[in-house]
Amino acid sequence: MRRRARLTALLCALLMLLSGCSLKSGDELYSLPKMSSEYESLQQSLQSLLDSGLEYAAPLSGSNTQAVQDVDLDGDGVSEAVAFLKDTDESALVIYLFQQNDEGEYEVMTTINGQGSAVNSVSYSQLDGAGNMEIVITWQVSTGVYALSAYSVWSGGSLELMAAQSYTRYSLVDLNEDGADELLLLYLDTSDTSQNRAEYYTYSDGGLALTGTARLSYDLASIDRVRSAALYNGGNALYVTGYVTDSETGAASSSIQLTDILSIRNGELVNVTLDENKSTSTSTRRRTYVAEQDLNADGIWEIPALSSIYERLEDGTVTVSENFYLVSWVQYDLNGEPHVACSTYYNSSDGWYLILPEEWNGEIALERSDYSLGETVERSIQFYVLTPVDEDGGKILQRDENTGTAVLSNGTAARFMTISQNPGADREERAVLGERSLLDTGSEDAAYSVEFYETEDGFCDWTEEDVLENLHIITTDWSSD
């Protein structure tokens with residue numbers, strides 16, 4: 001472990017040198033800093049390769065983009081070094097893997113000859129279940145065209161477990177929960193959308209074998225992100241989110257997305273959300289107002305389902321809003337059945353959301369109030385309870401003949417709460433004005449406050465603690481598998 005820590009420190013020092021402005025260019029940018037004698041052999045070996053006409057060719061994308069990477073490939077607690085290089089004369093890619101011998105010196109373990117013009121990405125994953133890490137590499141064949149290869153490596157050799165061409169996206173995930181990852185290749189076929197599919201590869205007899213396929217939504221035009229997470233009733237899944245086909249242009253829409261959820265059921269790969277009659281995941285189709293996420297941090301991915309919420313206008317009338325949305329966060333089980341984890345008012349423009357009690361659904365209206373003058377900036381959302389308009393408690397909308405707006409007929413709205421955000425310089429003073437109470441949200445960018453108002457029916461019995469428990473600052477997680 002000490003050797004691994006020291007190699008990590010060496011590679012970190014290398015990256016620091018790469019970012020410096022005092023170095024020249026070319027191979028000198030990647031030259032290893034002088035470290036202890038334990039790593040002199042690695043430094044000398046790499047320098048010898050550079051002197052022979054090779055140059056560093058770091059992966060272009062992904063989470064592993066260093067030209068020299070520190071990886072424990074054989075699981076013995078001692079890291080190997082993986083160097084990505086290119087022959088400048090022949091434009092040939094080659095990956096050198098170094099291991100430590102009994103004296104702690106680095107020597108070539110094996111090499112992998114590449115294809116294409118660059119290494120697009122590299123991942124390390126346990127695919128055979130034996131404890132060693134396999135290497136999955138995507139090669140950039142040409143602009144926008146990639147090939148994939150998976151390798152098993154050992155001292156003195158390597159074996160290509162599989163090769164794939166012209167896929168759209170791939171992911172390494174343990175869907176069958178056997179402790180080893182499987183490979184999923186995702187294909188979108190613009191010429192024949194019925195061929196949109198996922199292919200499932202598992203390790204068998206010294207290679208990765210195709211063991212199942214599942215249809216992806218026919219109208220999934222592009223894949224924006226993939227993420228592995230749990231399902232509602234247990235089990236692992238891969239959540240594949242992308243833009244749907246625009247019916248007018250035939251290209252990917254910029255405003256409508258859906259999520260296909262892939263998992264293993266009865267030993268077979270299935271798309272649990274696919275509507276077999278419509279060949280698409282109808283229930284997860286939505287506007288790109290907010291992204292799917294693990295909102296309640298229970299390890300299960302929630303898909304947002306948007307519905308309109310009432311809005312109180314400046315003249316006091318109430319209408320179905322085009323500005324505010326109720327977001328139901330839906331978890332799916334292995335049979336594709338939806339389960340609502342919670343509902344929120346999701347204020348993406350101000351960066352916070354509020355979990356709403358179930359009994360508030362359909363009973364409240366919102367109104368926005370913004371104020372800016374000098375150093376004062378305030379963004380407030382006012383919450384109103386709607387008085388039933390008929391004896392059955394229903395709310396009847398009638399369309400205004402002059403404006404065309406559908407408004408609540410004969411109903412009244414009583415304000416019961418206001419949540420304010422103050423990002424201005426006088427934030428602390430504004431947050432305690434009048435009957436406001438400062439909320440300790442932990443935000444360093446703005447002060448948040450709440451003010452309550454009495455209503456005739458005592459609709460809301462929340463306290464500051466209730467608001468703080470249900471109010472959350474939005475954080476964006478762009479990571480994907």
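The model is predicted.

**Aromatic pairs**

A search of the whole structure gives 14 aromatic pairs. One of them joins Trp-360 and Phe-416: the ring centres are 5.2 Å apart and the planes stand at 75°, so this pair is edge-to-face. An angle over 60 degrees is what that class requires. Trp-360 sits in the loop between strand E22 (352–356) and strand E23 (364–373). Phe-416 belongs to strand E27 (residues 413–422).

Trp-360 has a relative accessible area of 3% and is buried. Phe-416 is buried too, at 1%.

Trp-360 also pairs with Trp-462. Here the ring centres lie 4.7 Å apart and the planes meet at 35°, so the pair is tilted. This pair links distant parts of the chain, 102 residues apart. Trp-462 lies in the loop between strand E29 (447–452) and helix H4 (464–470). Like Trp-360, Trp-462 is buried.

These residues belong to one aromatic cluster. Its members are Phe-324, Tyr-345, Trp-352, Trp-360, Phe-383, Phe-416, Phe-459 and Trp-462.

**Charges over rings**

Two arginines are placed over tyrosine rings. Arg-197 lies over the face of Tyr-187, 4.2 Å from the ring centre. The charged end of Arg-415 sits over the ring of Tyr-453, at 4.1 Å from its centre.

**A buried threonine**

Is Thr-110 buried or exposed? With 9% relative accessibility, Thr-110 counts as buried, because the cut-off is under 20%. Thr-110 is part of strand E5 (residues 106–113). Leaving aside residues up to four places away in sequence, Thr-110 touches Ile-95, Tyr-96, Leu-97, Val-153, Trp-154, Gly-156, Gly-157 and Ser-158.

**A four-stranded open sheet**

Strands E10, E11, E12 and E13 form an open sheet of 4 strands, in that order, with antiparallel pairing. Strand E10 (169–173) and strand E13 (207–215) are the edges, each pairing on one side only. On average, neighbouring strands of this sheet are turned by 25° against each other, direction ignored. Within the sheet, Arg-169 stands opposite Leu-186 in E11.

**E20 and its two partners**

Strand E20 (residues 318–332) is mostly covered, with 12 of its 15 residues buried. E20 pairs with strand E19 (residues 303–312) and with strand E21 (residues 338–347). Strands of a sheet pair through backbone hydrogen bonds.

| Strand pair | Sense | Bridges |
|---|---|---|
| E10 and E11 | antiparallel | 5 bridges |
| E19 and E20 | antiparallel | 9 bridges |
| E20 and E21 | antiparallel | 7 bridges |

E19 and E20 make a hairpin with 5 residues between them. Gly-316, in the turn, has a positive phi of about 95°. Ala-305 stands opposite Ser-328 in E20.

The hairpin of E20 and E21 has 5 residues between the strands. There, Gly-336 takes a positive phi near 80°. Which residue of E21 is the bridge partner of Leu-326? The partner is Tyr-345. Tyr-345 is also a member of the aromatic cluster that holds Trp-360.

Methods:
Residues numbered from 1 in each chain as written. Predicted model: local features only at pLDDT ≥ 70, side-chain atom pairs only at ≥ 80, totals over all residues. Heavy atoms only, no water. Phe/Tyr/Trp six-rings, centres within 6.5 Å; stacked < 30°, edge-to-face > 60°. Helix = DSSP H or I, 4+ residues; strand = E, 2+ residues; numbered from the N terminus. Buried < 20%, exposed > 50% of the residue type's maximum accessible area, 1.4 Å probe, protein only. Lys NZ or Arg CZ within 6 Å of the ring centre and 35° of its normal. Contact = heavy atoms within 4.5 Å. Pairing = 2+ DSSP bridges. Axes fitted to C-alpha atoms, helices over the stretch in contact; angles between N-to-C directions.
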